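Have the model open beside you as you read. This short report walks through a few side chains and the elements that carry them.

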Amino acid sequence: MLIWDQLRRRHVVCTPEEWVRQHVVHYLVEHLGYPRGLLSLERGHTYNTRRKRTDLHALGPDGQPLLLVECKAAAVPLTSAVTMQIATYNQTVGAPLMLVTNGVQHYCWRVHTLERTTQALTFIPTYAEALELLAVARS
């Protein structure tokens with residue numbers, strides 16, 4: 001079975017994780033105001049000389065990472081190992097916001113880079129709210 005990928009503009013195989021990823025993209029664009037052109041799927045990066053791929057990045061207007069998203073299939077519980085995975089990826093990516101989701105549960109954090117801490121959020125910020133958080137972090 002295939003699912004339409006609005007970012008890649010083609011049909012892709014609808015795995016359980018891909019189903020979640022496509023729904024997150026739709027939610028970010030249609031409900032939270034993230035510009036489609038500033039979303040990037042499965043972007044590669046290097047961590048400890050190993051090549052890794054993150055599921056989804058939302059970028060700011062300057063092209064810098066704003067939100068890092070890790071998607072899991074609905075049947076995959078969001079454990080501390082999943083949290084550690086996104087936190088590890090974000091050491092290289094440097095996004096001020098992180099989101100993990102399995103399409104059923106969602107956890108979002110604000111990253112305080114200088115203090116090396118995270119703050120759990122009770123919501124997923126809109127694009128405008130994310131830009132405000134970024135402006136505060138940089139000031």
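Is Glu-17 buried, partly exposed or exposed? With a relative accessibility of 25%, Glu-17 is partly exposed, because the buried class ends under 20% and the exposed class begins over 50%. Keep in mind that this is a predicted model, and that the values below come from its atoms.

**Around helix α1**

Glu-17 has a salt-bridge partner in Arg-21, at 3.2 Å from N to O. The two residues sit 4 apart in helix α1 (residues 16-30), which is about one turn of the helix.

Through shared partners, salt bridges connect Asp-5, Arg-8, Glu-17, Glu-18, Arg-21 and Asp-55 into one network. Across the whole structure, the search finds 7 salt bridges.

**Salt bridges at a glance**

| Pair | N to O distance |
|---|---|
| Arg-8 and Asp-5 | 2.3 Å |
| Glu-17 and Arg-21 | 3.2 Å |

Now turn to the pair formed by Arg-8 and Asp-5, whose side chains meet in a salt bridge. Asp-5 is buried, with a relative accessible area of 0%, whereas Arg-8 is partly exposed at 27%.

Strand β1 (residues 2-5) runs antiparallel to strand β2 (residues 10-13), and 4 bridges join them. Which residue of β2 is the bridge partner of Trp-4? That partner is His-11. The hairpin has 4 residues between its strands, and Arg-9 adopts a positive phi near 55° there.

**Back to strand β4**

Strand β4 also holds Thr-54. What does the side chain of Thr-54 make a polar contact with? Its partner is the side chain of His-57, at 3.3 Å. Thr-54 counts as buried, with 1% relative accessibility.

Methods
Residues are numbered from 1 along each chain as its sequence is written. This is a predicted model: local features need pLDDT of at least 70, side-chain atom pairs count only at pLDDT 80 or more; totals for chains, interfaces and linings use all residues. Side-chain values use heavy atoms; hydrogens and water are left out. Two strands pair if DSSP finds at least two bridges between them. A salt bridge is a side-chain nitrogen of Lys or Arg within 4 Å of a carboxyl oxygen of Asp or Glu. Buried means under 20% relative accessible area, exposed over 50%, partly exposed in between (1.4 Å probe, protein chains only). A polar contact is a pair of N or O atoms within 3.5 Å; within protein, one must be able to donate a hydrogen and the other to accept it, and residues adjacent in sequence count only if both atoms are side-chain atoms.
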